Amino acid sequence: MVLAGPLTGGQPATSVGSYTTHEQAQHAVSCLADNGFPIERVSIVGSDLQLVETVLGRLTPARSALGGAGTGAWIGLLAGLISGMAGAGAASLLAIGLIGALFGAAFGAVFGLAAHASTRKLRGLVSRSNVVAQRYEVLVPHDVAEEARNLLIKHEWRTS
């Protein structure tokens with residue numbers, strides 16, 4: 001694979017290794033770095049991209065309330081600590097912060113339930129999305145490709 005563009009500073013680039021996982025490509029780049037290769041001239045390019053969505057579950061009223069309570073607690077704690085800084089001692093600061101967290105959690109739970117009720121028809125799912133590639137190419141500028149290729153062959157990182 002030969003490329004030219006912003007990934008390689010406009011210089012033509014050559015693939016010196018092709019891997020099935022991003023971790024393998026990273027290990028190959030680490031091998032180059034460990035052997036003194038200028039890794040600021042290396043790019044990892046994924047090809048044949050896919051969006052993989054892992055469904056973790058359904059968005060239930062309890063999950064919405066819990067998420068809202070958690071967010072509200074953090075906001076309430078922060079607001080309580082900021083307003084408590086005007087108080088005299090550390091004990092009052094802690095007490096005001098905890099009261100803020102409790103009120104924030106209560107309001108957050110209510111807002112979480114309200115948000116869930118307003119989107120009920122959508123039947124929300126909780127999921128995690130990742131973009132993954134089928135292949136990962138390690139690219140270097142053409143003028144140092146032979147050196148990189150030799151280092152990867154020497155340390156058995158040429159291909160997966």
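A contact here means heavy atoms within 4.5 Å.

**View 1. The whole chain, a predicted model.** Among contacts in the chain with a separation of 6 or more, 81% join residues 24 or more positions apart. There are four helices and four strands (DSSP runs numbered from the N terminus: H or I of at least four residues for helices, E of at least two for strands). Following the sequence, you get β-β-α-β-α-α-β-α. Of the 160 residues, 29% count as buried (under 20% relative accessible area, with a 1.4 Å probe and protein chains only).

Residues are numbered from 1 along each chain as its sequence is written, and side-chain values use heavy atoms, leaving out hydrogens and water. In this predicted model, local features need pLDDT of at least 70 and side-chain atom pairs pLDDT 80 or more, while totals for chains, interfaces and linings use all residues.

**View 2. The largest nonpolar core.** Such a core is a set of buried Ala, Val, Leu, Ile, Met, Phe, Trp, Tyr and Cys residues joined through side-chain atoms within 4.5 Å. At least two residues each come from β2, α1 (22–34), β4 (125–141) and α4 (145–154). Helix α1 gives the largest share, five residues.

**View 3. S15 in strand β2 (residues 12–19).** S15 counts as buried because its relative accessibility is 11%. Its side chain makes a polar contact with the side chain of E137 at 2.4 Å (a pair of N or O atoms within 3.5 Å; within protein, one must be able to donate a hydrogen and the other to accept it, and residues adjacent in sequence count only if both atoms are side-chain atoms). A polar atom of the S15 side chain also lies 3.4 Å from the backbone oxygen of G17.

Definitions and conventions:
Buried means under 20% relative accessible area, exposed over 50%, partly exposed in between (1.4 Å probe, protein chains only).
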